[in-house]
Amino acid sequence: MTMKKTTLALAAALLPLLAHAQDAQIESKVAALMKQMTVAEKVGQLHQISGRLVTGPTSSDYAATLADIRLGKVGSMLNVKGVADTRAIQALALQSRLHIPLLFGQDVIHGYRTVFPVPLGESASWDMEAIEQSAHIAAREAAAAGIHWTFAPMVDVARDPRWGRVMEGAGEDAFLGSAIARARVHGFQGKQLGATDSVMATAKHFAAYGAAVAGRDYNAVDMSNQQLFEVYLPPFKAALDAGAATFMNSFNTLNGIPATANVFLQRDILKNSWNFKGFVVSDWGSVREMVPHGYASDLADASVKAINAGSDMDMESYAHIKHLEDAVKSGKVNMKTLDDAVRRILYKKFELGLFDDPYRYSVASREKAVLADPSHRAAALDVAQKSLVLLKNGAAGAKPLPLSRAAQKIAVIGPLADARRDLEGGWVVEGDRAPVVSILEGIRSHAGKAEVSYAPACDNHCSGTEGFAEAVATASKADVVVLAVGETWDLSGEAKSRTDITLPGHQEQLFAALKATGKPIVVVMLAGRPLVFNTIAEQADAIVYAWFPGSEGGNAVANVLFGDYNPSAKLPITFPRSVGQIPLSYAQYNTGRPVTDEKNVVYKSAYIDSVNTPRYAFGHGLSYTDFKYSGLTISGKEMSPSQQVTLSFDLANTGKAEGTEIVQLYLRDMVASVVRPVKELKGFQKIHLQVGEQRRVSFTIDRELLSFFNSQLVWGAEAGDFKLMVGSASDDSRLEGALKLLPPK
Ligand code: GLC
C-alpha cells in the first residue's frame, strides 16, 4: 500500500476515534456545568426570544429582555445579526452567574447578503454541488455576521402549490428532496461544526407541514403512517444522516396531535428510532398555539406537553420560562426530561466553541471581508442560471430562443421587467443586501448590437391597464418581445396560500394585447410556486420559468435568453392545468380504472372537464440542443435480494449546442402488498455533452432502491416484477426495461 493510501486508511480509522474522544470531552464539560446550574438557569437555556427584525435591542421595551439575558434567563436569540449587535448582546449573557453564551439563530434560507434563487428554484437545478455551494456561501456570510445557526433547510415535501411555503422547499419528491436536504445540510454545516465559515442547520418543519389540508397554511394534516414514512419523512432522515444539528417542529397537527407535542414524531421516531442527538426548537409560538389548537388548556399545560414530547427549546412562546420550573417542582415534568433538553443545547454551545471564545463568530474584520467577497456573486449567477427552466421553445420548427445579438429590436415589456426586490423572493435577511440586477438591466448588458426598448405596461401587481397602449406601441416597433410577468415576491412564502394561482392582476390581458401585435413573445415568468397560465402556455413562443433568481437574476436570465448558458433545469414540482387538479403528483397511483386513452374516459378515474395530465410534468425542462437515448442494457433480467444489477444506456448530444441533460431513472413495482405509484424517481445524473459527444450512462439497481414501507411500516423489497424507465422527464420516458426480483432463498 502506498504511503498516501496508508495515510488515508489511518485517517479513516482515526477519525471516528477522534470524534468519539471529542464527544466524550464535551459531554464531561456539559455534565460539570449542569451540576452547578439551578433549575431556573436550566430553564433559561430553553428560552429563545427574538430581537428586532432588523437587529439587536433598539427600544425601551427591551429593558426587561436585557435584564433577563443578564440573569441567564435566555438561552438563544433570533433576529439579532451583525458583529456589533451580536457582541453587545453576548456581553450581556456573559454577565450571568455561570457566563453561559447565547446561540444566535436566523432564517438564512437562500443567502445572507448575496441572495441565491429561492430554494424551489435552486432545486430545479438538480445540481447537488451547486446547491451545497449556495448553502456554504450563505453560511459563510451569516457566520461572519455573528450568526451561529440557520433555520434551514426547509425539507417539507409539498404537492399543493396553493401553499405559499412550497417556495421554501425542494418540491414534491422524497428522493430528490432527500438528496437536496443532504446537500443543504452539508453546505450550511461544512465538514466540522464550529468552523467560523459554517453554521448549525435546522431540518424543518417536522413534520408533514407541506400536506396542510386545502393548501391552507397552518391547517391540519391527516395522513396514513405509510404515506408519512414513504413521502414526508425521508428528507428529514436524510438531513439527520447528513448531521443536521437541530430540528424545528411544525405548526400543524398530524392526525389530531400538534407536532410540537407529538410524542410519536419527536420521541418515538426522531430521538429514539433515529437516535437524534441534537435539539428540537419549536416554531415561532407553536408551544403557545397548542391552546387554540385545543390540545393544551393553558400555557403551563402547553409547556409540559411540549417538553415531555421532546420539544427542547421554546421559540417565542414564553411557556417554558414562565411555567417549567413549577412543572418540575410539581413533578409534571421529570428533572431527567429537563436535563436532557438542557444537555442537548449546551452540547451544541460547546461544540461551536462558544465557551472557549463567545465572540469567535463576531469578528469585524472578517465580517467586512467575507460580505464583500466578489466570488459570492459569481456563484449566485452560476446557481441562478442552472435553476432557470426552459418550459417551451417554439412549436415545431422555429425556435425563438436563443435570441440573436445581431442588429435587431428587442422590446422588454412587463411589470417585473425592471423589478429588483421581486427577484430576491421571500425569506431574505432584512438589511444591507447585495444589489440586484434586474431582467431589463441583464438584457441590456448582454444585448450586443441588438437595440433594447422597454415599457412596464403596468405596476408590479398589474392592477391597471393604462400603460398597455404604450407597451403595445413599443412591442409593435420591435422584432421580438420579452415579457416579464408573474407573482411579486410577497405572494409566496409563509402565510401566503392562494386559492387562485393564476397570474395576478391584468397580466393575462397584457399578454393578449401583445399577442395581437403578431410579434414573437418570449415569456419570462417569476414566481415562488407553480402558477396556472394556460393561454400563455399555448400561445407564447417561448417560456422561461425563472422562479425568484436572486441578486444575479437579471444576468442569469440574459445568459439563458442569449444562449450564453444553455438551460438545463428540470421542474422539481408538477405544474397543474388548474387548481382543481390539486394535489397532483407524477407519483400517483394507477387506480382500478386508469385512463389509458384521453378520448375514452367515461367511468375511468378522470374528470369530465379536464384531462388528467399536468400542464408541465415533474422533471420537465428543455434545452437548446437535443439528446438521444439508446442502447439500454440491464446486466440481468433477474436479481436475488443480495445482488445488484446495472442499467446502462447511451446518451448522445445530437443537436447544435453543448448542453447538460438531467437523465432520470424511474421504476414501478408492478404488484406489491400495498399499491405502488405508477412511477417513482430512483436516480438522476447531470451529464454535460459537447455537440456530437456520446457517453454511456449507468445506474446501479439494488434491493434498497426497490424497497418501500409496507402497511406495517416495515421497509423492504418484495419479490416480483419491476418496470425500469429512463428519460428526460417523468412524462418523457425514452427507454424502458424489466427486472424480476427473486424471493429470498
Ligand atoms: C416562522 C417560520 C419558521 C421560521 C421561524 C423563525 O414562523 O415558520 O420557518 O424559521 O418562524 O423566523
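Within how many Å do the axes of helix α6 and helix α7 come, and at roughly what angle do they cross?

## Helices α6 and α7

The axes of helix α6 (residues 128-144) and helix α7 (residues 174-189) come within 7 Å and cross at roughly 35°. Axes are lines fitted to C-alpha atoms, for helices over the stretch in contact, with angles from 0 to 180 degrees between N-to-C directions. Helices (H or I, at least four residues) and strands (E, at least two) are DSSP runs numbered from the N terminus. The model is predicted: local features need pLDDT of at least 70, side-chain atom pairs count only at pLDDT 80 or more, and totals for chains, interfaces and linings use all residues. Residues are numbered from 1 along each chain as its sequence is written, and side-chain values use heavy atoms, with hydrogens and water left out.

On the α6 side, M128, I131, E132, A135, H136, A138 and A139 meet L176, A179, I180, A183, R184, H186, G187 and F188 of α7; contact means heavy atoms within 4.5 Å. The contact residues divide into 10 nonpolar, three polar and two charged, where Ala, Val, Leu, Ile, Met, Phe, Trp, Tyr, Cys and Pro count as nonpolar, Asp, Glu, Lys and Arg as charged, and the others, Gly among them, as polar.

## Aromatic pairs

The structure holds 26 aromatic pairs. Rings of Phe, Tyr and Trp (its six-membered ring) pair if their centres lie within 6.5 Å; planes under 30 degrees apart count as stacked, over 60 as edge-to-face and the rest as tilted. The F229 and F709 rings are edge-to-face, because their centres are 5.3 Å apart and their planes lie at 65°. This pair links distant parts of the chain, with F229 in helix α8 (residues 225-232) and F709 in strand β23 (residues 708-709), 480 residues apart.

Y545 and F575 form another edge-to-face pair, 4.8 Å centre to centre with 85° between the planes. Y545 is buried at a relative accessible area of 0%, and F575 is buried at 0% as well. Ring pairs also link W126, F175, Y586, F618, Y666 and F684 into a cluster.

## Helix α9

In helix α9 (residues 234-241), P235, F236, A238, A239 and L240 are buried. Their cover includes α7, β5 (202-206), α8, β6 (246-249) and α10 (263-273). Just after α9, G243 takes a positive phi of about 100°.

Technical notes: Buried < 20%, exposed > 50% of the residue type's maximum accessible area, 1.4 Å probe, protein only.
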